[in-house]
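Q: Could you walk me through this protein chain? I'm new to reading structures, so please go slowly.

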Amino acid sequence: MSAVAMARRMRIGRRVPPAAAPLCWKDLWHGVSGIFSPERSLRALEAEIRRHFAVSHVFLVSSGTAALTLTLMALKSLSPKTEVVMPAYTCFAVPAAILKAGLRPALCDISPETFDFDHALLKEALNANTLCVLSHHLFGVPSDIEGIRALCRGRGIFVVEDAAQAMGVEDKGRRLGTIGDVGIFSLGRGKNITCGSGGIILTNSAPIAEAIARHYGELEMPRSSEVLKDFVRLVLMTIFIRPRLYWIPAALPFLRLGDTVFPKEIPLKRMSGTKAGLLRSWRSRLTQSNQVRSETATYFSQRLSLRLAPGPSHPYLRLPILVATPNERERLYSRSQECGLGLSVAYPTPINEIPEIRVAFNGQRFPSARRVAESLLTIPTHHWLSEKDKRAIAELCRDLPVA
Ligand SMILES: Cc1ncc(COP(=O)(O)O)c(C=O)c1O
């Protein structure tokens, strides 16, 4: 890390986390109750999610990446095909899950306005070996899943809807995560709601659910020591996610907060009863969390010249802005770091440039994914943002040259 980056990291004082989800002491207490009745807590959560999202099958696992991996392993068992078409710019956990499932990621460039696939390119990317198309809703911005389904229809290609960043978000009256053949949510730290780490798989397809159930049956419950470690981590997170204290974990280089890392290992476990307990009031937390995000997006839409495809009051997980040039992006990001305002540059490279896997994509180019990686800034939308933080961010980004 450079001296300048180190100095920025060491800033003492109020610091807004780039992403956060509501979690309070009462939720932690519910987690403790989950320790004593794990089966009941897990079954209750499963049933509530099935009802709320109107799906017939729900599986609760240890992370969003585990949810994706298990889903892909299940699809692999239903077909001899091996290719997964995915966006060239997304979370690094996505290609990691595809590789862990023993499949091959095939990249397709994106539309910089929505982060959805460029649908003309997607059409060309599909072939006789395409097992599934894995689409996302990055920062909560909806991708056109129906359009993707139309391209896949009649060709034996599944549509996986990665709604890790869009739990509780709707598009044209439909709940994201339930439109594809199978969907997933993440309950990680900076998501719409959190239990520290967790994942949910949803599907209405009986054959897919049967295939997932076969793999799910082989998963272990987390060991007591892991449950305890996770719980302590969560208590610490509940304390240190507050802007008054966030500078402390942010200054510890070994925590690597804010760094995007390619996951080397993907533990595949069931969700613990403690986490299911922690999520007891998930519906009210989700409603509240997305309501605040929507209000924050409205605030910035009224003050900045933003081009927002899903509208000004959408519940963005973070508010994405494409800055006109990489230099300008760097200037704003540096200033935000100095002032502790929580702006983030999201994923630093397109998927084909991730050092650990780039040999697999030699010679391939994804210009829009690259442009987004070079010029994207995200504004936090979570409940920890004060009126003063919002004013400071609006002031910083006021004359923003938007791409
Ligand atoms: C689009 C997307 N997919 C999958 C994941 C993986 O979820 P988790 O962090 O819960 O493993 C994430 C996490 O950030 C994500 O943003």
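A: Let's begin with a term we will need: a residue is called buried if 20 or more other C-beta atoms lie within 10 Å of its own, and exposed if 12 or fewer do. Please also keep in mind that this is a predicted model.

Q: OK, let me try that out. Is Ala20 buried or exposed?

A: Ala20 has 24 C-beta neighbours inside 10 Å, and therefore counts as buried.

Q: Where does Ala20 lie, and what is it in contact with, leaving aside its neighbours within four places in sequence?

A: Ala20 is in the loop that runs between helix H1 (3-9) and helix H2 (25-36). Once the neighbours within four places in sequence are set aside, Ala20 is in contact with Gly190, Ile241, His382 and Trp384. There is also a pair to look at across the sequence: Ala20 and Leu319 are 299 residues apart along the chain, and their C-alpha atoms are separated by 13 Å.

Q: Let's zoom out. How many helices and strands does the chain have?

A: The chain has 15 helices and eleven strands. Its C-alpha trace spans about 55 × 55 × 40 Å along the principal axes, and buried residues make up 47% of the 403 residues.

Q: What radius of gyration would a compact globule have with 403 residues, and what does the chain have?

A: A compact globule with 403 residues would have a radius of gyration near 22 Å, and the chain has 20 Å, so the value agrees with that expectation. As for contacts between residues at least 6 apart in sequence, 76% of them join residues at least 24 apart.

Q: Which domains does the assignment give?

A: The domain assignment gives domain 1 (3-18 + 282-396) and domain 2 (25-216). The centres of domain 1 and domain 2, taken over C-alpha atoms, are separated by 23 Å. Where they touch, the contact takes 32 residues from domain 1 and 26 residues from domain 2.

Q: And on the side of domain 1 that touches domain 2, which elements give two or more residues?

A: Those elements are helix H12 (282-303), strand E10 (318-322) and helix H14 (367-375).

Q: Switching to the inside, how many residues are in the largest nonpolar core?

A: The largest nonpolar core has 109 residues, and those with the most contacts inside it are Leu70, Leu72, Val84, Cys132 and Ile201. The largest share of this core, eight residues, comes from helix H4 (residues 64-76). Because domain 1 and domain 2 both give residues to this core, it lies between them.

Q: What about helix H5, how many of its eight residues are buried?

A: Helix H5 (residues 93-100) is mostly covered, with seven of its eight residues buried. The buried residues of H5 pack against H4, E2, E3, E4 and E5. After H5 comes Gly102, whose phi is positive, near 80°.

Q: Which residue other than glycine has a positive phi near 50°?

A: One of them is Ala54, with phi near 50°, which is found in the loop between H3 and E1. Ala54 has 10 C-beta neighbours inside 10 Å and so counts as exposed.

Note on methods: Residues are numbered from 1 along each chain as its sequence is written. This is a predicted model: local features need pLDDT of at least 70, side-chain atom pairs count only at pLDDT 80 or more; totals for chains, interfaces and linings use all residues. A nonpolar core is a set of buried Ala, Val, Leu, Ile, Met, Phe, Trp, Tyr and Cys residues joined through C-beta atoms within 7 Å. Helices (H or I, at least four residues) and strands (E, at least two) are DSSP runs, numbered from the N terminus. Domain bounds come from an automatic or database domain assignment. Two residues are in contact if their C-beta atoms, placed from the backbone, lie within 7 Å. The radius of gyration is taken over C-alpha atoms; the globule rule is 2.2 Å times the number of residues to the power 0.38.
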